[in-house]
Amino acid sequence: MKKFKRVFLVVMDSVGIGEAPDAAKFNDVGSDTIGHIAERMDGLHMPNMSMLGLSNIKKIKGIDSAPSPKAHFTKMQEASNGKDTMTGHWEIMGLNIQEPFQTFPDGFPPELIQELEEKTGRKVIGNKPASGTAIIEELGEEHINTGALIVYTSADPVLQIAAHEDIIPIEEQYRICEIARELTLDEKYKVGRIIARPFIGKPGAFERTSNRHDYALKPFGHTVMNELKDNQYDVIALGKISDIYDGEGITEAVRTVDNDDGMTKLIASLKQDFTGISFLNLVDFDAKYGHRRDPEGYGKALEEFDSRLSEVFPLLNEDDLLIITADHGNDPTYHGTDHTREYVPLLVHHKQITEGKELPIRDTFADIGATIADNFEVKMPAYGTSFLSDIK
């Protein structure tokens, strides 16, 4: 069989499939994102993922195992020392991160906050771990009255800045985040991302807008995406993929407003003639439901994603490859609001598969990047083993 012309890579952000072997190191023993959601929902209805073989990886309530799965299937263990979005995505594209990004469970250091105030000319309020929706409800009115920046963090290595679009225009919000990015490039902070979190509305009825923007560190090494771009292949980044890699190795970036829009943009890319990859992150699973510990909302979002797959399959060509995976776990039934250290599913589908087979468990997410590099005959990453020959 000849090489695949187009690869569609879908990351279901945070959809873990059971505790990883080293879960104890991360205080995540017993976590199981999709398994616990299925239990809470009294079964998930996901016929397309069932057909691909999701429950062949691990039995999930409500999702039947496929007698002849339409995808090759297994699960992957993360090799890097972390469980955040950047670590997972960077590893998918061939890197190995052993120095984890820093988190700030007690808020950011006073000297950093003072610098941010001096450079932006605005006071900072908040400066604590918080839910994004909860903190704008708590401090939104004070922000409107004073123009102060709402700064908060989470269990992730992120510094988030919330501001009302009528109080601080969106372009100024972005400039403020660029200042924060510059201030946190220092090794002593090791903040993975600065995130602009604009909102609108009135006290009691605030609403975050789709103008979120992430300012990530650049990957510390060449990724498979860089190799593809350097060899004149297309690298289409959908959703927050461009932000996660800080634009590195990307030929076209397409913003999305939510999971449903992400699937719409993926379907649009399926209708394009290109040679390379279309890479989608579906962030709502993580941001809207995992961190907010909302298993029912998460479950419904999974079922909605599954229904949109019915539009994907007919658009796949004979020489297309579809890869569905995740970047970490975020069990919405678990303690705290942190990500969870879990295996992630790997489903690999193309039209030549008559009966999918179980692949060996992968010991690094980088096997995906290695497989993509192998397919397009570009330089292989330092980490990862291609499974290309196993899926043809």
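Reader: What is the relative accessible area of histidine 328?
Author: This is a predicted model, in which local features need pLDDT of at least 70, side-chain atom pairs count only at pLDDT 80 or more, and totals for chains, interfaces and linings use all residues. Residues are numbered from 1 along each chain as its sequence is written, and side-chain values use heavy atoms, with hydrogens and water left out. Histidine 328 lies in the loop between β12 and β13 (strands are DSSP runs of E of at least two residues, helices runs of H or I of at least four, numbered from the N terminus). Histidine 328 is buried (under 20% relative accessible area, against over 50% for exposed and in between for partly exposed, with a 1.4 Å probe and protein chains only), its value being 1%.

Reader: With which side chain does the side chain of histidine 328 make a polar contact?
Author: Leaving aside neighbours within four places in sequence, the residues in contact (heavy atoms within 4.5 Å) with histidine 328 include Asp13, Asp84, Asp286, His339 and Thr85. A polar contact is a pair of N or O atoms within 3.5 Å; within protein, one must be able to donate a hydrogen and the other to accept it, and residues adjacent in sequence count only if both atoms are side-chain atoms. At 3.3 Å, the partner of the histidine 328 side chain is threonine 85.

Reader: Which residue's backbone nitrogen does the side chain of aspartate 327 reach?
Author: Aspartate 327 is placed in the loop between β12 (320-325) and β13 (344-349), and it is buried, with a relative accessible area of 0%. Its contacts beyond four places in sequence include Asp13, Glu78, His89, Phe365 and Ser14. At 2.9 Å, the side chain of aspartate 327 reaches the backbone nitrogen of serine 14.

Reader: Which residue's backbone oxygen lies 2.8 Å from a polar atom of the side chain of threonine 325?
Author: Threonine 325 is part of strand β12 and is buried at 0% relative accessible area. Not counting residues up to four places away in sequence, threonine 325 touches, among others, Leu9, Met76, Ile368 and Pro345. The backbone oxygen 2.8 Å from its side chain belongs to proline 345.

Reader: Which residues does histidine 291 touch?
Author: Aspartate 286 lies in helix α11 (residues 284-290), whereas histidine 291 is in the loop between α11 and α12 (295-312). Aspartate 286 counts as buried at 3% relative accessibility, and histidine 291 counts as buried at 18%. Beyond four places in sequence, the contacts of aspartate 286 include Asp13, His328 and His291. With that same exclusion, histidine 291 touches Asp156, Asp286, Asn330, Thr337 and His339.
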